[in-house]
Amino acid sequence: MKITAVEPFLLHVPVTGGSIADSTHVVTHWGMPGCRILTDTDLVGYGYTGTHASLALDKLLTSCITEVYGPLLLGEDPREIQALHQKLLHDPPTHWVGRAGITQMALSAVDLALWDIKAKAAAEPLWCLLGGSPEKNVEAYNTDCGWLDRAQGKLVDDCRRMVEEEGFAAVKMKVGKSDPNEDLARVEAVRKGIGPKPRLMVDANAKWDMATALEFGPRLAEFDVTWLEEPLWHDDVTGHAQLAKEIEIPLALGESLYNLDQFREFVLAEAVHCLQPDASRCGGITGLWEIADLGRTYDLPVSPHHGDMMQAQIHAVIAHSACVQLEFIPWTLHCFEEPVSIQDGFYQLPESPGASTTLTCEALEKYSVLS
Ligand code: 0YR
Ligand code: MG
């Protein structure tokens, strides 16, 4: 099989509810810059990364995919993913201009499309090709109820509804208000609202400084918070290591890390308790797998971030023994041929061949912002 074309797409899909906010972003659209990889068979692979829909930045991603990686992929066998991944890292030479950020997100999109083709060629869902068992139940935890811009009453209602009506056993809420006392009051209200049983995670999206984290982190324990996510700046390994020593509550992070090396730094510094790689950012399924192996090596749970809108990652989470659960944000379900689906807080098993990344023609037309 040979690759015959790499066609870009760029979708901006409105988020449900009009707009959401965490401590650093207001998001109205979910960006999906990516590509269709065509072959000399009728198989087509779909891959993309996830962004907050800045058109200028997203165009850098699509141009990296088509102008830097595209020519190197033409004529290659798309099933030779490990070798192609190395080629795209070394030949341009990508590693010279960026081992993280735009080049790595673009590489992630390509990697997802290649795994999609490989699984389609094998006529199996990707989890099966990766050696997974249909017996593994993957828990979804819901983030789409805990946004920072929601008034406290709505926040509590939304979280309670996810637990009581939708059957989620775990929800996540944002912190990072200008007054952390308000964060604490909101966490207390949510815990009261959902009751003692559901797990509650708290995500600061790197907003806090050390003083805030040392003062308010320990107080989250009163409300039985499962983890504190990205308390400090993304690259601050020593800060997280210090924090991990001083507070009881486990630290989760990784959605803003781009490769195995970055994860290894955090793990060896004992600066993280739960790894949150994102395949749409850390090198696709290939990169995610390496990081999940790191989790297995150090006996740390792996709970991926939602960046590919859970489509390809659910396959890897089913297959990799270190992966325990997967974040859930249902903004783009209507865009896929086989969207992820949840029942009683658990992901249903994907059945179609491929990585579940195939977008519908309607979505490709309706949400395209590429002129
Ligand atoms: C949504 N999940 C996150 C974004 C989310 C952010 O992309 O606003 O909150 O990615 O931190 O854990
Ligand atoms: Mg997060």
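## Ligand site

The model is predicted, so local features need pLDDT of at least 70 and side-chain atom pairs count only at pLDDT 80 or more, while totals for chains, interfaces and linings use all residues. Residues are numbered from 1 along each chain as its sequence is written, chains are lettered from A and ligands numbered from 1 in the order in which they are written, and side-chain values use heavy atoms, with hydrogens and water left out.

There are 15 residues around ligand 1, and Asp22, Lys172, Lys174, Asn205 and His305 come nearest; a residue is near if one of its heavy atoms lies within 4 Å of the molecule. By class, this shell has 7 charged, 4 polar and 4 nonpolar residues. Ala, Val, Leu, Ile, Met, Phe, Trp, Tyr, Cys and Pro count as nonpolar, Asp, Glu, Lys and Arg as charged, and the others, Gly among them, as polar.

## Polar contacts and cover

The distance is 2.6 Å to a polar side-chain atom of His305, 2.8 Å to an N or O atom in the side chain of Asp22, and 3.0 Å to a polar side-chain atom of Glu229. On its own, ligand 1 has 320 Å² of accessible area, and the protein covers 98% of it; areas come from the Shrake-Rupley method with a 1.4 Å probe.

## Largest pocket

Pockets and cavities are found on a 1 Å grid over the protein atoms alone: a cavity is a set of points where a 1.4 Å probe fits but cannot get out, a pocket is an open set with protein on both sides within 12 Å along at least five of seven lines, and lining residues have an atom within 4 Å of a point. Grid points are joined across faces, edges and corners, and a volume is the space filled by probe spheres set on the points.

The largest pocket holds about 640 Å³ of space. Its lining comprises 37 residues, with His25, Gly50, Thr51, His52 and Arg281 nearest the centre. Helix H1 (55-73) and helix H4 (102-121) are the elements that give two or more residues to this lining, and H1 has the largest share with 3 residues. Helices (H or I, at least four residues) and strands (E, at least two) are DSSP runs numbered from the N terminus. The lining divides into 16 polar, 13 nonpolar and 8 charged residues.

At least two lining residues each come from helix H2 (81-90), helix H10 (260-268) and helix H11 (284-297); H2 gives the largest share, 5 residues. The lining has 10 polar, 3 nonpolar and 3 charged residues.

The structure also holds 1 cavity of 30 Å³ or more. Glu230, Leu232, His234, His240, Leu253, Gly254, Ser256 and Leu257 line the largest cavity.

## Backbone features

Most residues other than glycine have a negative phi, and most peptide bonds are trans. Pro92 and Pro93 are joined by a cis peptide bond with omega about -10°, and Pro93 is in the loop between H2 and helix H3 (94-97).

Asn205, although not a glycine, has a positive phi of about 45°. Asn205 lies in the loop between strand E8 (199-203) and helix H8 (210-216), and is also one of the residues that come nearest to ligand 1.

Conventions:
Polar contact = N/O pair within 3.5 Å; in protein donor to acceptor, adjacent residues only side chain to side chain.
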